[in-house]
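I set out to record what can be looked up in this structure, working from the whole chain down to single residues. My entries follow in the order in which I consulted the model.

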Amino acid sequence: MTITQPKVTFGRSIGFRKELNRRVEAYLKAENISPRDNLAMYFKTAIIFSWVISAWAFTVFGPPVIWMKLLGCVILGLGVAGVGFSVGHDANHGGYSNSKFVNRLIALSYDFIGLSSYLWRFRHNSLHHIYTNMLGHDVEIHADELVRLSPEMEYHWYHKYQHIFIWFVYPLIPFYWSVADVYLILIKRKYHDHIIPTPTAIELITLLGFKVIWLGWLIGIPIAVGYSPWEAILGFTLTYMTYGFVICVIFMLAHVMDGLEFIQPDPKSNSVEDEWAVLQVKTTADFAPNNHFLNWYLGGLNYQTVHHLFPHICHIHYPKIAKILAEVAQEYNVNYQVYDSFGSALESHYRWLKKMAVAPKTVASVA
């Protein structure tokens with residue numbers, strides 16, 4: 001996938017990335033570990049897919065008890081988030097398998113849950129992972145100006161309340177994604193000045209065909225087996241609001257935090273001072289490294305810094321790689337930020353949202 005906007009250039013290497021790569025490769029070789037195609041990952045995939053299928057089947061065909069149906073929708077939403085965290089994410093980065101075919105096949109799990117894997121690979125892999133926290137390049141922090149996530153963003157009056165209303169916006173994001181990806185691919189054709197690559201006929205069929213499949217298993221089948229349209233839509237809405245809240249909070253905790261940097265290229269040279277790997281560490285944070293459940297459920301997204309540096313390696317190896325990263329970062333005097341708990345990371349996210357809710361002139365006067 002190509003980017004038509006002039007590429008941002010990064011600073012001269014200080015040896016950080018080279019040394020980090022060397023040590024990680026040495027660790028994998030010494031332990032005889034395959035970066036991809038791991039049995040543990042296959043087993044995890046089976047568990048998460050079983051979670052989604054069983055939760056859906058119980059909700060649709062289980063006892064006609066309203067509280068059980070509602071609970072089933074919530075559990076299904078958490079399972080769908082698990083697909084996004086742990087399965088589709090690795091595959092769309094090419095970190096699931098050594099086989100390109102297997103990666104693309106598993107990547108379709110995103111399309112199955114309503115998110116275009118084709119567009120996601122461009123937006124996330126080619127923009128967010130290269131230009132992390134750079135306004136005008138990293139679409140993940142733009143948010144269509146609904147919320148102000150970067151100091152470089154224009155301030156609007158409603159941003160004053162963003163640290164309050166954002167929690168009600170997160171659950172709605174999946175509905176926006178599912179419509180916007182069709183609009184972006186077929187009509188708008190770009191993110192800012194970055195032209196979205198033209199999809200092939202197969203990619204277009206996949207995009208539209210999976211939209212039908214997605215609505216079919218979540219709304220069509222429930223209606224076909226006897227639920228009213230309103231009941232089916234209600235269940236679908238609750239499921240995807242659960243999914244949206246969980247997945248948006250987790251993704252925001254990676255980069256939109258008090259203490260992380262939002263670096264803009266020099267307007268004349270279109271360059272930044274840091275080497276690319278150092279920039280990734282400055283703009284990204286890890287959290288809750290000792291929480292075994294989150295380590296499993298989040299698919300390594302709580303090791304987001306490690307992920308940004310090694311997106312092509314399966315996330316089940318991240319806890320070990322994080323220790324290597326900490327050592328190298330200390331040696332090169334690079335600030336590798338790790339929040340001890342999920343709660344402390346959430347507090348940091350809230351503090352940043354609240355800081356960005358203050359008009360820039362007010363911030364300047366207080367300073």
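**Entry 1: overall dimensions**

I compared the radius of gyration with the value for a compact globule: for 367 residues that rule gives a figure near 21 Å, and the protein chain has 21 Å, so the two agree. I note that the model is a predicted one. Along the principal axes, the C-alpha atoms of the protein chain fill a box of roughly 65 × 55 × 45 Å.

**Entry 2: secondary structure, burial and contacts**

I looked up the secondary structure and found 15 helices and four strands in the protein chain. Of the 367 residues, 51% are buried. I then turned to contacts between residues with a separation of 6 or more, and 72% of these join residues 24 or more positions apart.

**Entry 3: surface and charge**

I recorded an accessible surface of about 17,200 Å² for the protein chain, with 66% of that area belonging to carbon and sulfur atoms. The protein chain carries 28 positive and 27 negative charges, and I find their mean positions 2 Å apart.

**Entry 4: Asn103**

Is Asn103 buried or exposed? Its relative accessible area is 8%, which is under the 20% limit, and therefore I class Asn103 as buried. I located Asn103 in helix α4, which spans residues 100-112. A polar atom of the Asn103 side chain lies 2.8 Å from the backbone oxygen of Ser97. Leaving aside residues up to four places away in sequence, I list Ala91, Gly94, Gly95, Tyr96 and Ser97 as touching Asn103.

**Entry 5: Gln304**

Which backbone oxygen does the side chain of Gln304 reach? I find that it is the oxygen of Leu301, at 3.3 Å. Gln304 belongs to helix α12, residues 304-309. With a relative accessible area of 2%, Gln304 is buried. Not counting residues up to four places away in sequence, I noted that Gln304 touches Ala254, His255, Thr284, Ala285 and Asp286.

**Entry 6: Glu273**

I next examined Glu273, in the loop between α9 (229-255) and α10 (276-282). Its relative accessible area is 78%; because this is over the 50% limit, I class Glu273 as exposed. Where sequence neighbours up to four places away are not counted, Glu273 touches Gly11 and Arg12. I also looked up the separation of Glu273 from Ile263, 10 residues apart along the chain, and their C-alpha atoms are separated by 9.7 Å.

**Entry 7: positive phi at Asn133 and Glu145**

I then considered backbone torsions. Most residues other than glycine have a negative phi. Asn133 is not a glycine, yet I find its phi positive, near 65 degrees. Glu145, likewise not a glycine, has a positive phi of about 65 degrees.

Where does Asn133 lie? I placed Asn133 in the loop between α5 (117-128) and α6 (162-169), and Glu145 also lies in the loop between α5 and α6. I then looked up how accessible each of them is. Asn133 has a relative accessible area of 0% and is buried. Glu145 has a relative accessible area of 30%, and because this falls between the limits of 20% and 50%, I class Glu145 as partly exposed.

Technical notes. Residues numbered from 1 in each chain as written. Predicted model: local features only at pLDDT ≥ 70, side-chain atom pairs only at ≥ 80, totals over all residues. Heavy atoms only, no water. Helix = DSSP H or I, 4+ residues; strand = E, 2+ residues; numbered from the N terminus. Rg over C-alpha atoms; globule rule 2.2 N^0.38 Å. Buried < 20%, exposed > 50% of the residue type's maximum accessible area, 1.4 Å probe, protein only. Contact = heavy atoms within 4.5 Å. Areas by Shrake-Rupley, 256 points an atom, 1.4 Å probe, with all protein chains shown as cover. Lys, Arg positive; Asp, Glu negative; His and termini not counted. Charge placed at Lys NZ, Arg CZ, Asp CG, Glu CD. Polar contact = N/O pair within 3.5 Å; in protein donor to acceptor, adjacent residues only side chain to side chain.
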